[in-house]
Every structure is written in C-alpha cells, then in structure tokens.
Amino acid sequence: MSLPVHRRLLRALWRGVWGLGAAVLLFLGWRIAVLATTPAERQADVVQQVFSTEALPPFTPEHLALVRGLRVWWLPVESGAPGVDPRQPLRGADSSASSVQLAQQLLATDDAALAMRRLVEVARWVYPFVERARLAPGRYAVPAELQAQLPGVQQGQFQLRAEHLTLLRGAIWQELTGPSLDAVPAESTEAEPLWPMPFIDGKRPYGDRSYYTIDMAELLGSPFALDARGHAIIVPARDAALKRLHEETLTALQLLFLYGEMDGMAPLR
C-alpha cells in the first residue's frame, strides 16, 4: 500500500472515530438532560398540556379505572368540604408507591408517561363525572379499609340518599385554572408532587351565605322559614341534621367514584 493511500485511510478512520465519539457524547448529553428533569417538572408539563385545551379529553375505560381508585379527603377550611386528595389522589395497598405507580397498577401498564397523563386528565373529569355519573340511592358496601375514615358507615354499608347526590352536584366546586393552576408545580416536590384535583369550597360550599345550612336547605328545596326581618329561623334539630348530611357528602363522593356509571365512554385505541 502506498504512503498517500495509507494516510488517507488513517484520516478516514479518525474521522469515523471522532464522528462516533460526537454521537456518543450527544446521546449522553440527552440522557443527562432527561435524567436531570425531575418527575415534578415533567408532571408540570403534562398538567399544562392537559389543561391548556378547553375541550375535555374523551372519557375512556382507562379514566374510569382511575376514578374507581380516587381517594376523597375533607378540605380543612372553615365548615370543610369534600374533594380529591391532591397529594395522594389514588388509593392503594402499597403506601410507598407514588401516585404514578398506583396509576400504572390500576391501568396494568408499564408506561409511566401514559399513567401520568391519564391521572391528570382524570383531574379534569372529576366534576363532570360527579355531574353526569348515574348512581341510584340505596345501600352500598364500603371497602373495609375506608370504613373508619368515612362518616355515616354502619356495619360496612352506607345509605346513599338522593339528597347526598343533590348536594354534590349543586355544590360550589373549585377547579384549578389560571394562577391557581400555576401554583401546582410551585408547591410540588419530586418526593411529593401535587395533583390539580378539584374540591368543594369549604368556606361557601353551597352558596354565598355565611351560614351554609341555609344554602343547603334551599338547594334541597325546603328552605328555612323567615322571620319578620327576612332572616332564616334556624331550627336546631334540622340544622344538626343538615350538618350531618353535609359531613356525609364525603362518603357519598367516595361511593360515587366507586360505583357511578358513565354513559358514552370512548373506546380504547
């Protein structure tokens, strides 16, 4: 082999080596960037994507599977009200599992990105589900692990009344939008991300009055009588019954998630 040909081969070899090295460095840089992006940051991107469109995503059996696993909580603000736990939105036997991992278990998938997106989409579907889901009044079994946490449960069952559903559907729900939605990633951490789950306003759960049982009575179609000045005459026994009914909306909401049925679900693709 002549010397010029030999030199040309060496130069070509070096160019190949340098090209391969550059490709490896580029790949490693991409991987480092991906790994440096925390789950909370990726979740914030998904939240913005899902909430940036006005139309609801189609409701599918995947969404229903996650609705069945939702965990209710009592908002500790003034009179209090039910909603979905924003730090632990899903129930699960494994207390060490993250919300995304629990979503993966419920969806039977290894795709963490899909599970995260579906859970965020469910956050948008909570209130529409409460409005539209069908569930007849009657006695319903309460899972054993929830019985001690939910009011009104007797012998493992709860008597769901039409009044519970009327209150849930007529309540003032707070759904995260605008600045409140932007606060979700700000308050999230990698170890404990927040999820944009809606809740009923604990300060004014059913209307603008400072005493919420007056709004409840009107919503249920049986308002308190008024005195000569137009003020509601609060009957203590009825007031106490309305307060118990309000507390029981926590259990009613959990049962609606567990047993409510939705019409017109989109098929899985």
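**Exercise 1. Aromatic pairs**

Task: State how many aromatic pairs the structure holds, and classify the pair formed by Phe59 and Phe129.

Solution. The structure holds 5 aromatic pairs. Rings of Phe, Tyr and Trp (its six-membered ring) pair if their centres lie within 6.5 Å; planes under 30 degrees apart count as stacked, over 60 as edge-to-face and the rest as tilted. For Phe59 and Phe129, the ring centres are 6.0 Å apart and the planes stand at 35 degrees, so this pair is tilted.

The model is a predicted one, in which local features need pLDDT of at least 70 and side-chain atom pairs count only at pLDDT 80 or more, while totals for chains, interfaces and linings use all residues. Residues are numbered from 1 along each chain as its sequence is written, and side-chain values use heavy atoms, with hydrogens and water left out.

**Exercise 2. The setting of Phe59 and Phe129**

Task: Explain why the pair of Phe59 and Phe129 ties together parts that are 70 residues apart in sequence, and decide whether Phe59 is buried or exposed.

Solution. Helices (H or I, at least four residues) and strands (E, at least two) are DSSP runs, numbered from the N terminus. Phe59 belongs to the loop between helix 2 (39-51) and helix 3 (61-68), whereas Phe129 belongs to helix 5 (residues 112-132); the pair therefore ties together parts 70 residues apart in sequence. Buried means under 20% relative accessible area, exposed over 50%, and partly exposed in between (1.4 Å probe, protein chains only). With a relative accessible area of 4%, Phe59 is buried. Phe129, at 0% relative accessibility, is buried as well. Ring pairs also link Phe59, Trp125, Phe129 and Phe257 into a cluster.

**Exercise 3. Tyr127 and Trp173**

Task: Classify the pair of Tyr127 and Trp173, and locate both residues.

Solution. The ring centres of Tyr127 and Trp173 are 5.7 Å apart and their planes are at 40 degrees, so the pair is tilted. Tyr127 lies in helix 5 and Trp173 in strand 5 (residues 173-174), 46 residues apart, and the pair links these distant parts of the chain. Tyr127 counts as buried at 17% relative accessibility, and Trp173 counts as buried at 10%.

**Exercise 4. Positive phi**

Task: Give the phi and the location of Glu78.

Solution. Most residues other than glycine have a negative phi. Glu78, which is not a glycine, has a positive phi of about 50 degrees. Glu78 is found in the loop between strand 1 (72-75) and strand 2 (81-84), and counts as exposed at 59% relative accessibility.
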